[in-house]
Amino acid sequence: MAFHLKVSKGAASGEEYSFADEARLGRTADNDVVVRDQAASRSHARVFEQDGRYFVEDLGSANGTKLNNAAVKQAKELKNGDSIIIGDTVFRFELNLDQTMVPAASSTMDEGGAESDDPNATRLPKRAAPVAPPKKAAAKPDSTNADDDEPVADDVPDATGDTGDEPDSTGDEPDSTGDDADDGIQGESVNSTMFVNVPKPKALEQRVSRGAAQRPPRGNGTERPSRGAAAIERPSRARAIAPKDEVDEDAIEFTAADRARMRRQLNQSAGGRVQLLWQDLPKGARALLAIFGTLLLVGTVGLAGYVAWPRQRATRPEPKSFPADGALIEDSFGSGDVTYATSDQKGFTFAAMSPVRIVGVLHYQAANISADEVTINLNGQDLGVVPPDNIDVESREVEMVLPAASLKPRDENFIVFDNVRNPPGSDDWKIWNLWVEIIPVPEMSTEEARRLAQTEIDKATKDWELREVGAPNLFRAWKTYREAWLLLEATPDAPPELITLSRTRMKEIRPELDRKCNAMIVKFKSIVNTRPDAFSEGRQVLENIPEHFPTREHPCFNFSRSLLRTMDGFDDFEAAGAPPTE
């Protein structure tokens with residue numbers, strides 16, 4: 001029997017999928033159903049058939065799966081019309097009820113209750129009638145448990161009033177040994193001992209009564225018995241032998257020998273020695289130590305809370321989408337020292353409204369990331385991984401091309417940074433300074449795109465040759481090579497030799513740009529660190545950076561703007577009469 005999954009709520013509302021026996025749901029493209037939801041994990045849940053019944057199972061997702069608003073902790077059976085909920089997306093489960101199920105016969109009996117004559121029918125064996133258990137003889141109490149002047153069990157009447165000298169009214173017969181009911185309680189039933197008054201052992205009765213009777217009440221002027229008599233007449237284990245309601249609590253005391261034995265036992269372990277030391281302390285010393293320990297514990301817990309408490313808390317809402325104007329998101333995300341903690345994954349939506357095809361570039365900075373730890377996913381398609389850390393992660397900006405085939409020009413797009421080690425791990429990772437660059441690609445043929453790209457490459461080559469003449473020439477050469485490469489990337493069947501040329505030249509120029517940027521930043525830091533009074537000179541260095549990096553395609557532009565914002569606090573200091581710059 002087939003089943004259907006229909007999206008009744010979410011980004012793909014109205015879409016319907018049909019399956020025969022199993023369907024996997026998740027965020028990545030290798031699933032049977034791609035769930036475009038921020039709460040969806042890579043492999044989130046599955047629906048499967050077993051013995052004609054259908055179940056839904058959560059595959060260890062980060063945010064969980066719900067069945068009719070109930071969390072799915074283990075596989076749960078599905079009924080026709082149930083709702084499977086993943087984040088904000090709701091799937092309606094529907095069975096294909098075209099087939100009719102015919103129930104099989106459940107017994108070999110016909111409608112009248114008689115057994116069927118079918119020789120192939122299964123017959124259940126008849127159960128034998130229960131056999132009553134043989135009667136057992138109850139043991140007589142021995143001579144130590146009964147007084148000589150008490151009657152024997154033969155004279156004790158049973159529950160029916162019989163004494164046991166004759167068979168009772170129930171018709172009991174003599175047993176197989178030939179003994180009749182005159183042999184005492186052996187002729188009684190199994191439970192006949194519950195009607196026999198068996199006295200307590202005399203030793204126990206005498207021991208308890210003697211210990212309680214020989215100790216006079218305190219305060220009546222009677223002298224206490226000697227130590228030897230107390231040791232004999234009030235043994236320390238009388239509490240364990242005698243019933244609780246028959247033991248006099250005042251009659252139980254530990255002798256000096258008992259106390260010495262307990263001290264020797266405690267001295268055999270470190271915990272016992274500490275207990276003895278505590279017992280030997282005066283009450284005042286115990287109280288002071290208790291107060292000191294309480295204060296020490298409270299102080300330790302308070303110090304740990306102070307150290308663990310975050311110093312800075314974000315007061316604004318956590319951004320979940322890229323700004324429409326391509327503005328920079330400076331907040332950090334991930335696990336550890338970040339603005340917003342998202343240990344497993346972080347997703348962003350963005351809209352690229354364009355009447356023509358587009359190609360995008362994702363810009364971000366990353367730190368505390370090892371190889372193959374964090375992957376990037378666009379609209380259910382894996383784009384690659386975040387490169388591991390190097391020695392200059394604070395100033396390094398990473399770029400990733402968003403292919404035109406994976407982008408939606410007139411719809412909402414969804415980018416996810418996914419840490420494949422969290423959970424179950426708890427590795428630190430950090431992503432910040434994110435923005436998306438959207439580049440419209442005009443509709444043109446492959447030949448037109450080739451000619452335009454060749455023109456851009458020639459222009460970039462001239463700027464490269466004049467890189468020492470003008471400040472922005474080096475940056476313009478890199479940017480023009482980059483635009484030619486992106487144009488070819490968005491063009492189907494583009495010439496591969498031009499793609500290789502533009503991309504290679506772009507990669508060759510990028511290190512020179514990075515060295516130029518680092519040299520200017522180092523100059524700024526050396527000025528403000530060695531000469532605290534030269535803030536104006538340091539600011540001038542930062543203000544000159546846009547002459548070499550006019551736009552923010554290179555991270556040096558954003559980095560200089562961020563440092564200038566930190567310099568704003570120094571203007572008041574200079575206006576108040578800072579020493580002149582040497």
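The model is predicted: local features need pLDDT of at least 70, side-chain atom pairs count only at pLDDT 80 or more, and totals for chains, interfaces and linings use all residues. Residues are numbered from 1 along each chain as its sequence is written, and side-chain values use heavy atoms, with hydrogens and water left out. Helices (H or I, at least four residues) and strands (E, at least two) are DSSP runs, numbered from the N terminus.

**Disulfide**

- The count is 1 disulfide, a term that means a pair of cysteine sulfur atoms within 2.5 Å.
- Cys517 and Cys556 form the link, with their sulfur atoms 2.1 Å apart.
- Cys517 sits in helix H9 (residues 496-530) and Cys556 in helix H11 (residues 555-567), so the pair ties together parts that are 39 residues apart in sequence.
- The link of Cys517 and Cys556 is right-handed, with 90 degrees about the S-S bond.
- Both Cys517 and Cys556 are buried (under 20% relative accessible area; exposed is over 50% and partly exposed in between, with a 1.4 Å probe and protein chains only).

**Strand pairs**

- Two strands pair if DSSP finds at least two bridges between them.
- Strand E1 (residues 3-9) pairs with strand E11 (residues 89-95) in the antiparallel sense over 6 bridges. Phe3 has Leu95 of E11 as its bridge partner.
- Strand E10 (residues 83-86) and E11 run antiparallel, joined by 4 bridges. Ile86 is bridged to Thr89 in E11.
- The hairpin of E10 and E11 has 2 residues between the strands, and Gly87 there takes a positive phi near 65 degrees.
- Strand E14 (residues 345-351) is mostly covered, with 6 of its 7 residues buried. E14 pairs with strand E19 (residues 412-419) in the antiparallel sense over 7 bridges. Phe348 has Ile415 of E19 as its bridge partner.

**Open sheet**

- An open sheet of 5 strands runs in the order E4-E3-E5-E6-E9, with mixed pairing.
- Strand E4 (33-34) and strand E9 (76-77) stand at the edges, each with a single partner strand, so one side of each has no neighbour in the sheet.
- Strand E5 (residues 45-50) and strand E6 (residues 53-58) run antiparallel over 6 bridges. Glu49 has Tyr54 of E6 as its bridge partner.

**Helix H10**

- Helix H10 (residues 535-548) has buried residues including Phe535, Val541, Leu542 and Ile545.
- Seen down the axis of H10, its buried residues fall within an arc of 165 degrees, so they line one face of the helix. The arc is that of the directions from the helix axis to the C-beta atoms.

**Asp337**

- Asp337 is in the loop between strand E12 (333-335) and strand E13 (340-341).
- Asp337 counts as exposed, at 70% relative accessibility.
- Asp337 touches Ser332 and Lys430, not counting residues up to four places away in sequence; contact means heavy atoms within 4.5 Å.
- Asp337 and Trp429 are 92 residues apart in sequence but 8.6 Å apart in space, C-alpha to C-alpha.

**Largest pocket**

- The largest pocket holds about 1000 Å³ of space. A pocket is an open set of points on a 1 Å grid over the protein atoms alone, where a 1.4 Å probe fits, with protein on both sides within 12 Å along at least five of seven lines; lining residues have an atom within 4 Å of a point. A volume is the space filled by probe spheres set on the points, which are joined across faces, edges and corners.
- Of its 40 lining residues, the closest to the centre are Arg396, Glu397, Val398, Arg510 and Pro555.
- H9 supplies the largest share of the lining, 8 residues.
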